[in-house]
Amino acid sequence: MSGFKSAVLLGALFGLAHPAAAGAQDVAVEGNLVRAQGHWGGELGLGYSLHAGPITLRPIGGLLIHSDNDEREVKPYAKAEATVTIPALAEVGAGARISGDRTRIYGTAAFDLLPKLKLKGNLGDHYAAIGILGQF
């Protein structure tokens, strides 16, 4: 997908997320080192976290950035996660990642680093990521 098409799709995702984020309890920002779609790269995403007691629903849209044959590629992705917070331990759950023509199901876990930052990992079929999740 061309850079222009990726930027347009990401802009549309953020536009859809923005009105909902205004009423959400937290805006979520993620940055991950990732192995996805057969490539190593980085994920940069933006979404929001909706909390209901210990349960959190988190839709995220973003970009997978990687090099292919010495050429940088940017591909959009969307994720939806549902987690349960276990106090003083972790936030654990499952998610679905949509990119290209594939949907991948994965497990996720996040551990507090600072009050607004978590160390987060995702692991699923042909998908693995580790990074930082900020909630503001």
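Ala109 has Gly121 in E7 as its bridge partner. The model in which this pair occurs is a predicted one, for which local features need pLDDT of at least 70 and side-chain atom pairs count only at pLDDT 80 or more, while totals for chains, interfaces and linings use all residues. Residues are numbered from 1 along each chain as its sequence is written, and side-chain values use heavy atoms, with hydrogens and water left out.

The protein chain contains one helix and eight strands, where helices (H or I, at least four residues) and strands (E, at least two) are DSSP runs numbered from the N terminus. Read from the N terminus on, the order of these elements is α-β-β-β-β-β-β-β-β. Of the 136 residues of the chain, 37% count as buried, a term that stands for under 20% relative accessible area, with exposed standing for over 50% and partly exposed for values in between (1.4 Å probe, protein chains only). The protein chain exposes about 7,500 Å², of which carbon and sulfur atoms supply 67%; accessible areas come from the Shrake-Rupley method with a 1.4 Å probe, and for residues only the protein chains shown count as cover. Among the contacts (heavy atoms within 4.5 Å) in the protein chain with a separation of 6 or more, 39% are accounted for by residues 24 or more positions apart.

Two strands are said to pair if DSSP finds at least two bridges between them. E6 and E7 pair in the antiparallel sense over eight bridges, and a hairpin joins them through two residues. E7 and E8 also run antiparallel and are joined by eight bridges, including the one in which Leu119 has Ile132 in E8 as its partner. Leu114, which lies in strand E6, is exposed because its relative accessibility is 52%. Between Leu114 and Gly134, which are 20 residues apart in sequence, the C-alpha to C-alpha distance is 9.4 Å.

Most residues other than glycine have a negative phi. His126, however, has a positive phi near 60 degrees, and this residue is found in the loop between strand E7 (117-124) and strand E8 (127-135), in the turn of a hairpin with two residues between the strands. His126 counts as exposed, because its relative accessibility is 58%. Ala88 likewise has a positive phi near 60 degrees, and its place is in the loop between strand E4 (71-86) and strand E5 (90-99). With a relative accessible area of 92%, Ala88 is exposed.

The largest pocket has a volume of about 210 Å³. On a 1 Å grid over the protein atoms alone, a pocket is an open set of points, where a 1.4 Å probe fits, with protein on both sides within 12 Å along at least five of seven lines, and lining residues have an atom within 4 Å of a point. Grid points are joined across faces, edges and corners, and a volume is the space filled by probe spheres set on the points. The largest pocket is lined by 17 residues, of which Thr85, Ala90, Glu91, Asp112 and Lys118 lie nearest its centre. Two or more lining residues each come from strand E3 (55-68), E4, E5 and strand E6 (102-114), and E6 gives the most, with three residues. The lining divides into eight nonpolar, four polar and five charged residues.

Terms used: Nonpolar A, V, L, I, M, F, W, Y, C, P; charged D, E, K, R; others polar.
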